[in-house]
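Morning, everyone. Let me put it up.

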Amino acid sequence: MTKITFISADGQNEVVATANPGDRLLDIAQNHDQPLEGTCEGQMACSTCHVIVSDDDFGKLPEAEEMEEDMLDLAAGVARTSRLACQIYVTEDMESLTVHMPGEAHNMQGV
């Protein structure tokens, strides 16, 4: 099991979830009421699942592919450690992963 910590955009709230190898971060986030829309359902046609991975955990992830980088160019509030949650899959060697919700995150599907 991997511990996933979601930190709200204002840094005031944390939600801790557990995940199994192969689980997709977008699904975990949505199952724990995080404000990630994921409009394209993981097809990399949008950037509504943009998250900011903690500096300590960013190196645990495989490098983003060019298509993901292109989508991140369209996201608001991008940081050096930004990724699309639809492209992050939990692996066996991840003990934990901490991600921050960008200030611009808003799930229009949850309204």
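Which residue stands opposite Ile52 in strand 4? Ser82 does. Before I go on, the ground rules. This is a predicted model, where local features need pLDDT of at least 70, side-chain atom pairs count only at pLDDT 80 or more, and totals for chains, interfaces and linings use all residues. Residues are numbered from 1 along each chain as its sequence is written, and side-chain values use heavy atoms, with hydrogens and water left out.

Two terms next. Helices (H or I, at least four residues) and strands (E, at least two) are DSSP runs, numbered from the N terminus. Strands pair if DSSP finds at least two bridges between them.

Take the pairs in turn. Strand 1 (residues 2-7) and strand 5 (residues 96-100) run parallel, joined by five bridges. Ile4 faces Leu97 there. Strand 5 also pairs with strand 3 (residues 50-53), antiparallel, over two bridges. Val53 has Val99 as its bridge partner. Strand 3 and strand 4 are antiparallel too, over three bridges.

On to the loops. Asp23 sits between strand 2 and helix 1 (25-31). The scale: buried is under 20%, exposed is over 50%, partly exposed is in between, with a 1.4 Å probe and protein chains only.

What does Asp23 touch, leaving aside neighbours within four places in sequence? Ile28, Ile88, Tyr89 and Val90. Contact means heavy atoms within 4.5 Å. Ile88 is 65 residues from Asp23 in sequence, yet their C-alphas are 8.5 Å apart. A polar atom of the Asp23 side chain also lies 2.8 Å from the backbone nitrogen of Asn20.

Asp33 is not a glycine, but has a positive phi of about 55 degrees. Glu41 is not a glycine either, and its positive phi is about 60 degrees. Where are they? Asp33 lies in the loop between helix 1 and strand 3, and Glu41 lies in that loop as well. Asp33 counts as exposed at 71% relative accessibility, and Glu41 counts as exposed at 62%.

Terms used:
Polar contact = N/O pair within 3.5 Å; in protein donor to acceptor, adjacent residues only side chain to side chain.
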